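Subject: Structure for you to look at

Hello,

Here is the structure I said I would pass on. Please open it first, then read the notes below it.

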Amino acid sequence: MILIDGKEAAAELRAELKEEVVELKSKHNKVPGLTVILIGDLTPSQIYVRNKEKSANEVGIKSEVIKYPDSVEEKTVLKKIKELNSDETVSGILVQLPLPKHIDKQKVIEAIDPSKDVDGFHPMNVGNLSSGYESSIPCTPLGCYLLIKKIEPNLSGKKAVIVGRSNLNGKPMTQLLLKENCTVTITHSKTKDLKAECLEADIIVAAVGIPELVRGDWVKKDAIVIDVGINKTDNGIVGDVHFDEVSKNVRALTPVPGGVGPMTIACLLKNTIDCFKRSQI
Ligand code: NAP
């Protein structure tokens, strides 16, 4: 079984991006810039943002974090996004989710200029991705896609089963694999027989949020399984895939932690650089 090392893949991607930033700097005399807006003091969000800032700096992206208290008014955030949209030194804008209840998430997402939407959540980017046009692609599914391609460069005709249909993970993942000519089945909480669907799959991407949902007898022996889940349990962090069981039965599997997670941040950096490159044309 191939243990898909997300840490190593992310380090390789960051090294490539670092070189690309050096080239871009010598060509344009400026570097890509990423601005992250962080609202409130949720510990996981603070950790994510700190990691994003650190990784951005490592590859030479100019990064800035704008912090607001939980009580910040929606209009203040929208005004700041408007300012950032017209700031030429800012290539990418990310508003760290989740947001406090009084702030309308969709309004915030749609306020970001789609050409600076490094999360790929703006409806214009969602539409472009599903139409097969160039767009920012949500970082986690992009990371999953790059890991799958490392194992199997030619995905044409493969049967993929996506478990979970969130806008963040399942839906964009479906689009990415469709573009590769996979036959994609997207499953969700109302799917009648999830095990039977998974047993058909050459590729499984599990993005559900239920600890160890995908079991050892749900998988084909040559399947590639990507575990997006991050679930806190009494036994520590586990994925949506039962690692011990599934690892015995498949061709390749991502661990949790150390699989998809590190690729998510590396893909955010990739998206920032891609937004910068598109803005220079
Ligand atoms: P989400 O928005 O809660 O969506 C979960 C999806 O799973 C929904 O589509 C839901 O179906 C489906 N589902 C729920 N129970 C199911 C069941 N019994 N069988 C089949 N499908 C079921 O979750 P998300 O934001 O996509 O996140 C999923 C997981 O990924 C979480 O553990 C999260 O922490 C993790 N995550 C990891 C990263 C990373 O970087 N590694 C990034 C983001 C998220 P319905 O639509 O029918 O409700």
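Start with lysine 277, which counts as partly exposed because its relative accessibility is 31%, between the limits of 20% and 50%. Keep in mind that this is a predicted model.

Salt bridges

Lysine 277 forms a salt bridge with glutamate 20, and the closest N and O atoms of the two are 2.3 Å apart. Glutamate 20 belongs to helix 1 (residues 6-28) and lysine 277 to helix 10, so this pair ties together parts that are 257 residues apart in sequence. Glutamate 20 is also partly exposed, at a relative accessible area of 22%.

Why can such pairs form? Side chains of opposite charge can pair when their charged atoms come close.

How many salt bridges does a search of the whole structure find? It finds 15. Two others among them are worth a look.

- Glutamate 58 pairs with lysine 54, with 3.9 Å between the closest N and O atoms. Both residues lie in helix 2 (residues 43-59), 4 residues apart, which is about one turn of the helix. Glutamate 58 is partly exposed, with a relative accessible area of 38%, whereas lysine 54 is exposed, at 55%.
- Glutamate 152 meets arginine 251 in a salt bridge of 3.0 Å, N to O. Glutamate 152 sits in the loop between helix 6 (139-151) and strand 5 (159-163), and arginine 251 in the loop between helix 9 (243-247) and strand 11 (252-253), so the pair ties together parts that are 99 residues apart in sequence. Glutamate 152 is buried, at 16% relative accessible area, while arginine 251 is partly exposed, at 30%.

Salt bridges with shared partners also join Glu20, Lys270, Asp274 and Lys277 into one network.

The ligand

There are 21 residues around the ligand, and Arg165, Ser166, Asn169, Ser189 and Thr264 come nearest. By type, the residues of this shell divide into 9 nonpolar, 11 polar and 1 charged. Which helix gives the largest share of the shell? Helix 10 (residues 260-279) does, with 3 residues.

A backbone N or O atom of isoleucine 230 is 3.1 Å from an oxygen atom of the ligand, and one of histidine 188 is 3.5 Å from a ligand nitrogen atom. Asparagine 231 instead places a polar side-chain atom 3.5 Å from an oxygen atom of the ligand. On its own the ligand has 930 Å² of accessible area, of which the protein covers 69%.

Regards

Technical notes:
Residues numbered from 1 in each chain as written. Predicted model: local features only at pLDDT ≥ 70, side-chain atom pairs only at ≥ 80, totals over all residues. Heavy atoms only, no water. Near = heavy atom within 4 Å. Polar contact = N/O pair within 3.5 Å; in protein donor to acceptor, adjacent residues only side chain to side chain. Areas by Shrake-Rupley, 256 points an atom, 1.4 Å probe, with all protein chains shown as cover. Helix = DSSP H or I, 4+ residues; strand = E, 2+ residues; numbered from the N terminus. Nonpolar A, V, L, I, M, F, W, Y, C, P; charged D, E, K, R; others polar. Salt bridge = Lys/Arg side-chain N within 4 Å of Asp/Glu carboxyl O. Buried < 20%, exposed > 50% of the residue type's maximum accessible area, 1.4 Å probe, protein only.
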